[in-house]
Amino acid sequence: MSLRQMEYFLTVVEEASFTRAAELLHVTQPALSHQIKALEKSVGGALLERMARGARLTVMGRAFLPHAELAVRSAVQARRAARAAAGAEGGELHIATVHSVAVGILPDVFARWRRTHPGVALVLHEYATTEALEEQLERGVADLAVGPAPARSWQGPVVPVGEEEIVLVVAFDDPLAGRSSVHLAELVDRTWVRCAMEAVVDGQRFLDWACARAGFVPRTAVRTEHTSTAVRMAAAGVGVATAPSHVVRGAVGEDCVVLPVDPPWRRALTVFSRVELTGAAAAFADLLCEAWPYGKPGNHPEEAYETSEGCTGAT
């Protein structure tokens with residue numbers, strides 16, 4: 001089997017049609033069919049079911065699909081990594097991250113990159129959870145990832161970058177607005193604005209886990225999909241929200257009150273990859289470390305967490 005055959009196969013799957021796939025690939029339909037049949041012969045069975053109005057995967061095709069995707073993506077990644085390492089015009093560096101980092105941290109870093117490395121374009125891939133981030137990086141979608149430290153089973157390099165602090169957000173007229181910090185136990189009677197993709201710690205949503213340690217169960221006023229929406233709701237007085245401080249200050253605005261938790265909630269942010277960071281990938285990691293404004297990694301208090309992305313750092 002060849003890489004070209006797998007590319008043809010993936011195009012047919014994506015388009016669900018030999019005719020449309022042939023048009024996109026700029027080949028004749030008989031030539032496309034011949035390559036798919038050769039691929040099927042090499043794997044020992046039909047990968048696609050031909051139908052009057054298209055094509056769909058067979059059982060073998062569904063099993064073959066993720067491996068073909070990985071092979072093709074790895075080949076594309078190898079080509080762009082080589083070009084990016086050489087600083088070639090037209091080279092690309094693909095970066096995966098979670099949404100909170102994308103909106104709260106990376107814009108300034110990307111701007112600095114464009115000034116110092118104009119020949120290497122950046123392509124950003126955003127995900128709602130660290131699980132999705134790690135899964136997609138493993139599949140070869142990007143050259144590197146920026147986000148919370150990956151699972152301990154991660155096989156590639158992991159470079160510590162800095163720490164982000166998770167804070168409480170309240171309205172300007174909130175009774176707590178004048179405080180310099182808040183103990184979580186003081187919020188036993190308050191209602192909360194929660195995110196649908198809140199982080200999970202020890203099998204619990206982060207806020208449920210944290211409040212349980214403080215001796216109470218949080219009461220939810222509203223659930224949202226995005227951190228920015230939760231912050232806006234909190235600013236309007238709907239309830240207390242949690243968010244990374246860099247999202248509130250850098251992306252959402254200053255129309256609310258930010259309250260640190262005592263003891264503070266912090267987690268490490270990292271750059272990680274499947275392979276050694278070289279060339280443009282290494283240069284980007286260095287630039288991110290130099291530009292990080294929120295503090296370097298250190299010893300976390302007992303209440304600190306390093307978990308999946310959610311309301312405390314996601315959509």
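This is a predicted model: local features need pLDDT of at least 70, side-chain atom pairs count only at pLDDT 80 or more; totals for chains, interfaces and linings use all residues.
Close-up 1. Thr 97 has Val 146 of β5 as its bridge partner. Strand β3 covers residues 91–98, and β5 covers residues 144–148. The two strands run parallel, joined by 3 bridges. Strand β4, residues 120–127, also runs parallel to β3. Glu 92 is bridged to Ala 121 in β4. How many residues of β3 are buried? The count is 7 of 8, so the strand is largely enclosed by the rest of the structure.

**Close-up 2. Helix α1 crossing helix α3.** Helix α1 spans residues 3–15, and α3 spans residues 29–43. Their axes come within 9 Å. The crossing angle is roughly 110 degrees. Angles of 65 to 115 degrees count as roughly perpendicular, and α1 and α3 are therefore described that way. The crossing is left-handed. On the α1 side, the contact residues are Gln 5, Met 6, Tyr 8, Phe 9 and Val 12. They meet Leu 32, Gln 35, Ile 36, Ala 38 and Leu 39 of α3. By class, this contact has 8 nonpolar and 2 polar residues, with no charged ones.

**Close-up 3. Strand β7 alongside strand β10.** Strand β7 is made up of residues 191–195. Most of the strand is covered, with 4 of its 5 residues buried. Its pairing with β10, residues 219–224, is parallel and has 5 bridges. Which residue of β10 stands opposite Thr 191? That position is taken by Arg 219.

Note on methods
Residues are numbered from 1 along each chain as its sequence is written. Side-chain values use heavy atoms; hydrogens and water are left out. Buried means under 20% relative accessible area, exposed over 50%, partly exposed in between (1.4 Å probe, protein chains only). Two strands pair if DSSP finds at least two bridges between them. Axes are lines fitted to C-alpha atoms, for helices over the stretch in contact, and angles run from 0 to 180 degrees between N-to-C directions. Angles under 35 degrees count as roughly parallel, over 145 as roughly antiparallel, 65 to 115 as roughly perpendicular and the rest as oblique. A crossing is left-handed if the near helix is turned anticlockwise from the far one by less than a right angle, and right-handed if clockwise. Contact means heavy atoms within 4.5 Å. Ala, Val, Leu, Ile, Met, Phe, Trp, Tyr, Cys and Pro count as nonpolar, Asp, Glu, Lys and Arg as charged, and the others, Gly among them, as polar.
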